[in-house]
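Visitor: Hi, I have a chain open on my screen and would like a quick tour. Could you take a look with me?

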Amino acid sequence: MLDEINLLFLPHQKNKLIFYYQDVLEPVEPVVAPVDPTKPSTSTKSSKLLGPPTQYVRKKKLFITDGYSIPLREVAMYIIRLNTNRMLPEEGFNKDLFCGIIRADVGVVLSIQRIMETVFMEALVHYMPDPEEEDVSNFCEVKNLLLPGLRSFCSALRVCEEVCEQKNLFEDDMTILTQVPSPLEAREIAERQEDVLILEDRLKMWIKRVNEVLSESEQLRKESDCCGPQDELEYWKKRGAKFSQIVTHLREKEVQLTIQCLTLAKSKIIPIWKETDMKITYCFNEARDNAKYIQAMEHYCHSLYIGE
């Protein structure tokens with residue numbers, strides 16, 4: 001671990017370190033009972049070669065990872081170095097490093113959004129450069145460009161966090177038609193009444209779930225006195241992303257084959273599904289268009305929140 005930490009201080013080496021502190025499975029050395037030479041051995045030759053089964057125990061451990069190979073389950077600490085062209089000095093190296101903590105129970109996306117808003121944006125708003133040590137000629141210009149960009153980024157993270165929590169409405173733990181190799185076999189399924197009944201119950205459940213989402217979207221929103229244009233923009237972004245996700249799941253093979261089989265069987269539930277499908281398309285287009293129009297004004301609304 002120390003060798004990897006040292007690489008962060010050297011030029012043209014690592015630009016980040018990620019530490020995880022969480023439970024890991026570690027093998028436990030089996031306790032071998034002493035052999036009594038006076039008793040005959042009952043173990044076979046193969047069992048002697050294989051040995052006792054390996055046992056594992058959970059232990060809290062601090063270790064370095066790349067952030068990809070092992071999922072985060074508890075706490076992560078990151079250290080980021082922006083400039084690797086020179087060696088980190090022994091004194092004042094903290095000026096070149098950015099550190100932070102991400103908790104899995106809070107969520108990676110939400111943690112990043114909070115850090116951006118409460119640390120980096122606050123520091124940028126209240127930062128006063130020293131003219132004797134820093135070039136302040138373009139500081140105001142960079143600040144005025146960076147702050148709105150960070151606000152838009154945090155807004156996108158909030159939308160992402162909420163949409164990621166949405167479940168797949170068409171997920172029912174059944175893979176009835178995924179293995180169907182050709183439309184000919186799908187036609188054969190459509191001719192079997194028992195299979196059609198199963199698919200009809202499935203489609204009824206999907207219609208019910210979609211209608212619940214549609215009814216929630218049609219309800220009047222409760223807005224507080226502090227709501228502003230950013231809240232309106234995020235609402236339509238979330239709504240558009242939600243229906244975009246529904247449309248994506250709707251295009252999956254299992255869903256499409258289910259609808260195709262019921263269409264071939266001339267099921268009475270297909271007209272109801274077509275009406276529901278039209279509502280999904282309408283809500284998706286409405287949210288996408290509204291978000292696009294409101295987003296055109298986002299640039300002019302940043303000053304209301306930044307205070308400049």
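Visitor: Let's start with helix α8: how many residues does it have, and how far does it reach from its first C-alpha to its last?

Guide: Helix α8 covers residues 253-264, which makes 12 residues, and its end C-alpha atoms are 16 Å apart. That is close to the 16 Å expected at 1.5 Å a residue. Please keep in mind that this is a predicted model.

Visitor: Which residues of α8 are buried?

Guide: The buried ones in α8 are E254, V255, L257, T258, I259, C261 and L262. For C261 the relative accessible area is 1%, so C261 counts as buried.

Visitor: Is K266 buried or exposed, and why?

Guide: K266 is exposed, because its relative accessible area is 74% and the cut-off for exposed is over 50%.

Visitor: Which other residue has a positive phi, near 60°?

Guide: That would be H12, also a residue other than glycine. H12 sits in the loop between α1 (2-9) and β1. With a relative accessible area of 57%, H12 is exposed as well.

Visitor: Which residues of α7 are buried?

Guide: Buried residues in α7 include L233, W236, K237, G240, F243, V247 and L250. Q230, E234, R239, I246 and H249 are buried too.

Visitor: Why would positions three or four places apart in an α-helix point the same way?

Guide: An α-helix has 3.6 residues a turn, so residues at that spacing point the same way.

Visitor: New topic: how many cavities of 30 Å³ or more are there?

Guide: The count comes to one cavity of 30 Å³ or more. The largest cavity has a volume of about 40 Å³.

Visitor: What lines the largest cavity?

Guide: Its lining is made of P229, Q230, L233, I294, M297, E298 and C301. Helix α7 gives the most, with three residues, and both α7 and α10 (298-306) supply at least two.

Visitor: What about the largest pocket, what volume does that have?

Guide: The largest pocket has a volume of about 500 Å³. Its lining counts 19 residues, and I18, Y78, I80, I102 and I112 lie nearest the centre. The elements giving two or more residues to that lining are β1 (16-28), β3 (75-81), β4 (97-103) and α3 (108-126).

Visitor: Which element gives the most to the pocket lining?

Guide: That is α3, with five residues.

Visitor: Where is D66?

Guide: D66 is in the loop between β2 (55-65) and β3. At 40% relative accessibility, D66 counts as partly exposed. The C-alpha atoms of D66 and Y20 are 9.8 Å apart, while the two residues are 46 residues apart along the chain.

Visitor: I always check cysteines. How many disulfides are there?

Guide: The count comes to zero disulfides. As for C154, its relative accessibility is 0%, so C154 counts as buried.

Visitor: Zooming out, how many helices and strands are in the protein chain?

Guide: There are 10 helices and four strands. Along the sequence they follow the pattern α-β-α-β-β-β-α-α-α-α-α-α-α-α. The protein chain has 308 residues, of which 30% count as buried.

Visitor: What share of the contacts comes from residues 24 or more positions apart?

Guide: Among contacts with a separation of 6 or more, such residues account for 78%.

Visitor: Last one: what is the mean pLDDT?

Guide: The mean pLDDT of the protein chain is 78, and 81% of its residues reach 70 or more. Over residues 45-49 the pLDDT is below 50, and this stretch has two contacts in the model beyond near neighbours in sequence.

Definitions and conventions:
Residues are numbered from 1 along each chain as its sequence is written. This is a predicted model: local features need pLDDT of at least 70, side-chain atom pairs count only at pLDDT 80 or more; totals for chains, interfaces and linings use all residues. Side-chain values use heavy atoms; hydrogens and water are left out. pLDDT is the predictor's confidence in each residue, from 0 to 100. Contact means heavy atoms within 4.5 Å. Buried means under 20% relative accessible area, exposed over 50%, partly exposed in between (1.4 Å probe, protein chains only). A disulfide is a pair of cysteine sulfur atoms within 2.5 Å. On a 1 Å grid over the protein atoms alone, a cavity is a set of points where a 1.4 Å probe fits but cannot get out, and a pocket is an open set with protein on both sides within 12 Å along at least five of seven lines; lining residues have an atom within 4 Å of a point. Grid points are joined across faces, edges and corners, and a volume is the space filled by probe spheres set on the points. The expected span of a helix is 1.5 Å times one less than its number of residues.
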